[in-house]
Amino acid sequence: MALTLYVDTARWRAHHKHVQEQFPGLVPVCKGNGYGFGHERLAEEATRLGSDVLAVGTTYEAARIKDFFSGDLLVLTPYRRGEEPVPLPDRVVRSVSSVDGVYGLVGARVVIEVMSSMKRHGISEQDLPQLHAAIENVRLEGFAIHLPLDRTDGSDAVEEVIGWMDRLRAARLPLHTMFVSHLKADELARLQQQFPQTRFRARIGTRLWLGDHEATEYRGAVLDVTRVAKGERFGYRQQKAASDGFLVVVAGGTSHGVGLEAPKALHGVMPRAKGVARAGLATVNRNLSPFVWGGKQRWFAEPPHMQVSILFVPSDAPEPTVGDELVAHLRHTTTQFDRIVDR
């Protein structure tokens with residue numbers, strides 16, 4: 001009995017090919033929990049796509065993935081002096097976001113990140129004159145720019161990249177490769193047309209692995225079903241049942257990521273109102289679970305346990321039976337499955 005990730009493999013891989021066709025020179029990204037699929041699986045899929053580079057989040061991830069992917073590994077977290085050394089092969093390329101970082105990687109293969117409107121990290125325009133001397137002692141693989149997802153000010157992503165291309169060109173820095181993130185296919189094509197001497201390579205994770213929502217599905221197996229009457233006490237905290245129904249024990253708890261939710265940016269009146277309503281219900285111990293039964297998302301009977309969740313299903317709904325599987329609406333990047341099944 002498990003929390004299972006089911007994958008429509010043919011459909012999932014067809015989506016990968018479609019994205020690859022839209023973004024020539026695509027660099028797949030495999031970081032965190034491997035977008036819910038695991039590092040080993042995504043390394044296998046990147047190899048299947050014929051990718052020569054796989055981007056990872058940290059040096060620790062690079063150390064784990066190096067045995068599953070034979071091409072180059074691009075570490076996205078910028079190098080900092082004093083970081084813990086991790087033994088890595090020469091095919092690992094480090095990102096750098098400061099002149100000092102470049103000087104700290106003598107002999108290494110590096111990609112230099114420039115500061116975008118994200119304002120997260122990157123070389124500034126004022127740093128460019130100092131880069132000439134710094135890059136003499138490294139093997140420069142290219143520059144990179146990480147762009148925001150939303151542009152509420154109406155600005156143009158392509159124009160932002162062009163601005164940096166012009167600055168780098170004016171500083172007489174090599175522009176053979178530019179790694180980009182969060183561009184649309186037509187935007188990438190515009191850049192490639194305007195700068196034919198530069199190879200633009202899109203680093204893509206979410207759109208590649210999770211872009212087809214119908215290709216994957218989480219399901220939790222029902223482990224136990226117990227009938228309860230209104231007023232009966234149950235669970236760790238011995239709460240009273242609000243009405244007649246069933247306590248359904250389903251595979252999937254906090255160790256799987258069930259009950260965990262990343263903060264969301266809310267835009268508009270309705271999403272904010274729903275957020276306030278959810279918060280209000282939570283104060284009276286009413287929390288909606290990700291599990292669906294009888295066409296409805298069901299409430300947690302109490303907070304999820306480590307490996308299982310207990311749901312309350314009212315008596316007017318069909319009675320689940322042990323072995324049934326409940327669809328679970330879970331976020332891939334915060335979920336750890338027990339098993340993955342290709343079908």
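This is a predicted model: local features need pLDDT of at least 70, side-chain atom pairs count only at pLDDT 80 or more; totals for chains, interfaces and linings use all residues.
Arg13 forms a salt bridge with Glu45, and the closest N and O atoms of the two side chains are 2.9 Å apart. The two partners come from distant parts of the chain: Arg13 belongs to helix α1, which covers residues 9-22, while Glu45 belongs to helix α2, which covers residues 39-48, and 32 residues separate them. The two ends of this bridge can be compared by their accessibility.

What else does Glu45 touch, not counting residues up to four places away in sequence? Besides Arg13, its contacts are Trp12, His16 and Trp209.

Leaving aside neighbours within four places in sequence, His15 is in contact with Arg207, Leu208, Gly211 and Asp212. A distance to another residue can be given as well: His15 and Ser51 are 36 residues apart in sequence, and their C-alpha atoms are 15 Å apart in space.

How many salt bridges does a search of the whole structure find? The search finds 23 of them. Two further examples follow.

Glu113 forms a salt bridge with Arg203, with 3.6 Å between the closest N and O atoms. Glu113 lies in strand β6 (residues 109-114) and Arg203 in strand β9 (residues 199-204), so this pair ties together parts that are 90 residues apart in sequence. Are the two partners buried or exposed? Glu113 is buried, with a relative accessible area of 4%, and Arg203 is buried too, at 6%.

The other example joins Glu217 and Arg219, whose side chains meet in a salt bridge with an N to O distance of 2.7 Å. Here Glu217 is partly exposed, with a relative accessible area of 24%, and Arg219 is partly exposed at 22%.

Glu113 leads on to another feature, the cavity. The structure holds 1 cavity of 30 Å³ or more, and the largest cavity has a volume of about 40 Å³. Which residues line the largest cavity? The lining consists of Glu113, Val114, Met115, Ser116, Met118, Lys119, Arg120, His121 and His146. By type, this lining divides into 3 nonpolar, 3 polar and 3 charged residues.

Lys119 counts as exposed because its relative accessibility is 66%, and the limit for exposed is over 50%. The backbone of Lys119 deserves a look as well. Most residues other than glycine have a negative phi. Phi of Lys119, however, is near 55°, a positive value in a residue other than glycine.

Gln238 is a further residue of this kind, with a positive phi near 55° although it is not a glycine. Where is Gln238 found? It is in the loop between β11 (233-234) and β12 (239-240). At 39% relative accessibility, Gln238 counts as partly exposed.

One annotation from a record can be set beside these features. An unreviewed UniProt entry places the feature "domain: Alanine racemase N-terminal" at residues 8-153. In the model, the end C-alpha atoms of this span lie 39 Å apart, and the span is 29% helix and 20% strand.

Key: Residues are numbered from 1 along each chain as its sequence is written. Side-chain values use heavy atoms; hydrogens and water are left out. UniProt positions are given in the numbering used here, feature names are shortened, and annotations may be inferred rather than shown by experiment. Helices (H or I, at least four residues) and strands (E, at least two) are DSSP runs, numbered from the N terminus. A salt bridge is a side-chain nitrogen of Lys or Arg within 4 Å of a carboxyl oxygen of Asp or Glu. Buried means under 20% relative accessible area, exposed over 50%, partly exposed in between (1.4 Å probe, protein chains only). On a 1 Å grid over the protein atoms alone, a cavity is a set of points where a 1.4 Å probe fits but cannot get out, and a pocket is an open set with protein on both sides within 12 Å along at least five of seven lines; lining residues have an atom within 4 Å of a point. Grid points are joined across faces, edges and corners, and a volume is the space filled by probe spheres set on the points. Ala, Val, Leu, Ile, Met, Phe, Trp, Tyr, Cys and Pro count as nonpolar, Asp, Glu, Lys and Arg as charged, and the others, Gly among them, as polar. Contact means heavy atoms within 4.5 Å.
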